[in-house]
Structure formats: structure tokens, C-alpha cells
Amino acid sequence: MLLYLPEDHRLGNWRASAEEVSAEPEGEGTAESPYQISNADQLYWFVEHGGVSAHAKLTNNIVAIENLVNSSGDLNGGSYRSWTPIGASESAYGYTCAFSGTFDGDGHTISGLYDDKSRTYSGFVGELSGRNHMNYPIPTHLKTIFRVNEHETNASNLSGSIVCDCGCKYFTILHNENRQYDQSIRYGEQDGLKVVAICNNCRKKHLVFDEATQGYNGLVCGDFKTALDSCLSDYICHKCGSTIFSISLDIEIEDKEQFIEECVNEYPDKFSLDDYIDAFDWITINVCCKKCSKEIEWISLELS
Ligand SMILES: [Zn+2]
Ligand SMILES: [Zn+2]
């Protein structure tokens, strides 16, 4: 595949014709029925309209732009349609979402793509939504939405950020951290801290933390009750008032041997070996405001 990325060539904007706009390929974009991409117009349609979690399959070799470069590899003159990397389209939401779908080349090739924009993520695919290696001790409820930061993760600390299965990393956050102080909130004395994130793209709701069921206090001691979602309120940036954030977590992992000794051996009908990942000792939740980029060290809670 050839991706030509000249540095100082600005060759004008490409404009969509009616033909290209109606280039929707066969298929539904699902894993069972991926889009069937057979020509360049369908390929551009996929990146611009397919969505960051769609599935596609190539059914032909595709030359996106004929004679893009000459025999010595230099750009031929002309005006070219620019390629937006999959997972780097900002049109719909004003920010990029990582690609969480699949693109099956099925033995075919793509060549002649042209991209003259400088961006954080370049290439055929921009940013890929990562799936974690199973060896990381990720608490059960975070398994599908926790992206591990490998540089900061070790045997006793799990570090990373929350990414929705649709690829989006921005959320509105519901919580009851202020339950003791806010008179307007009805809460039970035993309500544990609860943090819920709602994806800003697909609106899917993810549980980030529930003190009643997670951590040593919740899982092992059962000290709290799960708060109702109706008792939660929006987290708001105290600098700019926005309610959209990225979320990062640090989790101090419970020592496995100690957990086996204290819990599995003592209460074999209640705990199994693998439960130690849900019995973590400490959670730190930090958020970053999407609008003003303010980083907030929000919650730091010992759980044992
Ligand atoms: Zn989502
Ligand atoms: Zn802000």
C-alpha cells in the first residue's frame, strides 16, 4: 500500500460530487454483514460515513488516485482528494474517536492514498482502539473499557484510561462523591461512592466504580450499599463549567497470595482465585476536561 504524505504540497480541496455521496457500499457495517468495499468512492464513503465501530471487507484491489506519483516516486502535479485516516475523522463530534471496528483486506491491496494534513495520527488507520492483553489484572467490570498504560503498569499498580467499546474516550460523569455535603441529594447513610460514565458518542453507560461491590471494602467486607443512579449528579468542571471529560484510573492491586490466604482459603464458597482483581486496595480517578483541558485529581480512595 502506498500512502504519500508530502510536507509542503497544498493542492486545493477536493469536493464531493453527487456520485461520491451516493457511494454507500453493500452490507450493513456489522461483523456479520460488513460493508463490501470494491472501489475508491466506497472506500472514501466508509471513512467519512461508516462510523468508528463499523466493519468492512475489501472485495477488489483499489487504486485511490491513479498516477499519484511518477516513476521516481515524486508527486505528479494536480489536485487530489485527501485521505482522512480511519479513526481520525473529526466531522461528527469535533474530536477524533479511535477505530474499534475491523477492516478485512481479504488479500487485496489499496494504493494511491494522499494525505497532506499534519495530524496526531496518520496512515490508513489513525488511532486503533486497543484490546488489552489478558494478562493484565483488570477488574471485571472494567475489562472491556480499560486501556492499559503499559509504562505505568506493574505487578502492584494498574494504570490506564477509560475508552468506550465504540472507541470514544470522552464521557459525561455521574457520581455521588458530594453526597455528604449536598442537601439536595437524597442518599442512604450506607451508600457507597459510585461513579458512572456515559459515552459522549454512543451514550452507552459504563460503571467506573461502585464502592459497594468493588475494592476490598465492597467485595470482601460488603460495607456499603449500591447507590441508585437517580441519586447521582453530573460532575462539572469547576474552571469552565463543561461536563465532558476523559477519565484515567490508577488501581493498587491486592496482593494475590494475601487474598488467597484471607479470603479464598477462609471462605471458599464465597471467593475464587481470580476474585483478587476485584478486591483492589486503592483507586485513584483523575479526569481531564475536554473543553478547557484542566486536569483534575479527583478521587483517591483507600479500600482496605
Ligand atoms: Zn461509546
Ligand atoms: Zn473545563
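Analyst: Let's start with a pair of residues: opposite Ile251 in E14 stands Leu158. Keep in mind that this is a predicted model, where local features need pLDDT of at least 70, side-chain atom pairs count only at pLDDT 80 or more, and totals for chains, interfaces and linings use all residues. Residues are numbered from 1 along each chain as its sequence is written, chains are lettered from A and ligands numbered from 1 in the order written, and side-chain values use heavy atoms, without hydrogens or water.

User: What makes Cys168 count as buried?

Analyst: Buried means under 20% relative accessible area, exposed over 50%, and partly exposed in between (1.4 Å probe, protein chains only). Cys168 has 0%, so it is buried. Cys166 has 8%, so it is buried too, while Cys202 at 37% is partly exposed.

User: What makes the site of the zinc ion (ligand 1) tetrahedral?

Analyst: Donors first: these are N, O and S atoms within 2.8 Å of the metal (3.2 Å for Na, K and Ca), and since water is not among the atoms, sites may look incomplete. The SG atoms of Cys164, Cys166, Cys199 and Cys202 lie 2.3 to 2.4 Å from the zinc ion (ligand 1). Four donors count as tetrahedral if all angles lie between 85 and 135 degrees; four are square planar and six octahedral if opposite donors are over 155 degrees apart and all others between 65 and 115, and anything else is irregular. Here the angles are 103 to 117°, so the label is tetrahedral. Cys166 is in the loop between E9 and strand E10 (171-175) and Cys202 in the loop between strands E11 (194-199) and E12 (205-210), so the pair ties together parts 36 residues apart in sequence.

User: What are the donors of the zinc ion (ligand 2)?

Analyst: They are the SG atoms of Cys237, Cys240, Cys289 and Cys292, 2.3 Å away. The angles run from 99 to 115°, and that site is tetrahedral. Its donor residues are spaced C-x2-C-x48-C-x2-C. Cys237 is buried at 2%, but Cys240 at 28% is partly exposed.

User: How many disulfides are there?

Analyst: The count is zero, going by a rule that asks for two cysteine sulfur atoms within 2.5 Å.

User: Why is helix H2 called largely enclosed?

Analyst: Seven of its 10 residues (40-49) are buried, so the rest of the structure largely encloses H2. Among them are Leu43, Tyr44, Trp45 and Phe46. Just after H2, Gly51 has a positive phi of about 95°.

How values were computed
Pairing = 2+ DSSP bridges. Helix = DSSP H or I, 4+ residues; strand = E, 2+ residues; numbered from the N terminus.
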